[in-house]
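Work through the exercises below with the sequence and the 3D view open beside you. Try each task on your own before you read its solution.

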Amino acid sequence: MGLFIDKCIVCGELSAIYDKYASSYLSLPSSVRVKKCSCGMRWLYPIPDEEDYINIYSNQYYNHDMLGKGSYNKMIKYKYTWFNLRIDHLAKKYPNHRSILDIGAATGEFIKIAKDKGYAAEGIELSEYACKEALAKNNVFLYNGTIDNYLKCNPNRLFDIVHMGHVFEHFANPDETLNSISSLLNENGILVIEVPNQFNSLEDLIRLYLIKDKIQFTSMSLHHPYFYSKSGLLALVQRHGFQVDHITTNPNGRYLNNIGYNKIILRNLFRFAELALGMGPYIELYAIKHNDHLI
Ligand SMILES: [Zn+2]
């Protein structure tokens, strides 16, 4: 078990401390803890190495109860709704951007919807199982492998939009990942990232500091090496020469299948508080690639 990262990838500070609340919430073994920088960025310490991640992303990943609240298949209907909304939003905002690469395409739903809306869309997916499911269920062919393998096989492929939905937080080397993504985008291409607002959302703050909640430890407790804050994600992509065009913690359509908070009044009050405080459950970012790439 792996990489002991002392320097914050966002601000470069070396003074990060252990976050006992986040470590306790994840029920981490004593050999792993969550570190937190004064800038708000958190990460696993140490970050699992490549071999650990191969075990975590075995084929079981897609059969597993990923959120502990329903099977992967049950999530698909919900995904369809907000994927549709996101693609419509992108089409309205960037009408001349007509090709999309979906990285971490899972079982191909985002690509299927994009294609149905007239986009030229391709996907990369690490799990062979998910690639087979994408073909069988959605008639979508995905490249099975890493971004770097894809780049080697397709050295001249460029896209108008690169999309990553709940994928970026899984990468152990975000700087390298952003460099690779940049090389896949046309000039003025759009990077679209959604990550959980983990440990920063209103709900998570209540779980961490008030309820002192704990989730059961599984191999998936280690599947996010980095926990991004809104300001951290923004600073990171800016450092890679992107201009942030849109960032929110309340992406469109994400409350249509709200989990928990069954009482409608309570749920809406909670949602209002999240909106008012800018502390929603997910961070959605659109950023434009420019020439002045700094790294
Ligand atoms: Zn920092």
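**Exercise 1: The neighbours of strand β4**

In strand β7, the bridge partner of Asp102 is His163. Starting from this pair, find out which strands join β4, and in which sense they run.

Solution. Before starting, note that this is a predicted model, in which local features need pLDDT of at least 70 and side-chain atom pairs count only at pLDDT 80 or more, while totals for chains, interfaces and linings use all residues. Residues are numbered from 1 along each chain as its sequence is written.

Step 1. Helices (H or I, at least four residues) and strands (E, at least two) are DSSP runs, numbered from the N terminus, and two strands pair if DSSP finds at least two bridges between them. β4 and β7 (residues 159-165) run parallel and are joined by three bridges.

Step 2. Five bridges join β4 to strand β5 (residues 120-125), and these two strands also run parallel; Leu101 has Glu122 of β5 as its bridge partner.

Step 3. A residue is buried if 20 or more other C-beta atoms lie within 10 Å of its own, exposed if 12 or fewer, and partly exposed in between, with C-beta atoms placed from the backbone. Because four of the five residues of β4 (residues 99-103) are buried, this strand is largely enclosed by the rest of the structure.

Step 4. In helix α4 (residues 109-116), the buried residues are Glu109, Phe110, Ile111, Lys112 and Ala114.

**Exercise 2: An open sheet**

Determine the order of the strands in the open sheet that contains β3, and describe how β3 is placed in it.

Solution. Step 1. The sheet has four strands in the order β1-β2-β3-β9, with antiparallel pairing. Its edge strands, each pairing on one side only, are β1 (17-18) and β9 (226-227).

Step 1. On one side, β3 (residues 42-45) pairs with β2 (residues 33-36) in the antiparallel sense over four bridges. Val34 stands opposite Leu44, and Lys35 has Trp43 as its bridge partner. Five residues lie between the two strands of this hairpin, where Gly40 takes a positive phi near 105 degrees.

Step 2. Two bridges join β3 to β9, again in the antiparallel sense, and Trp43 has Tyr226 as its bridge partner there.

Step 3. In a regular strand the side chains alternate between the two faces of the sheet. In β3, Arg42 and Leu44 point one way and Trp43 and Tyr45 the other way, and all are buried.

Step 4. Tyr45 is joined to Pro46 by a cis peptide bond, with omega about 0 degrees, and Pro46 lies in the loop between β3 and α2 (50-56).

**Exercise 3: The core**

Which residues of the largest nonpolar core touch the most other members?

Solution. Step 1. A nonpolar core is a set of buried Ala, Val, Leu, Ile, Met, Phe, Trp, Tyr and Cys residues joined through C-beta atoms within 7 Å. The largest has 64 residues, and those touching the most other members are Val162, Leu191, Val192, Ile193, Leu233 and Val237. Strand β8 (residues 185-196) gives the most to this core, with six residues.

Step 1. Two residues are in contact if their C-beta atoms, placed from the backbone, lie within 7 Å. Leaving out residues up to four places away in sequence, Val237 touches Leu178, Leu191, Phe242, Val244, Leu285 and Ala287.
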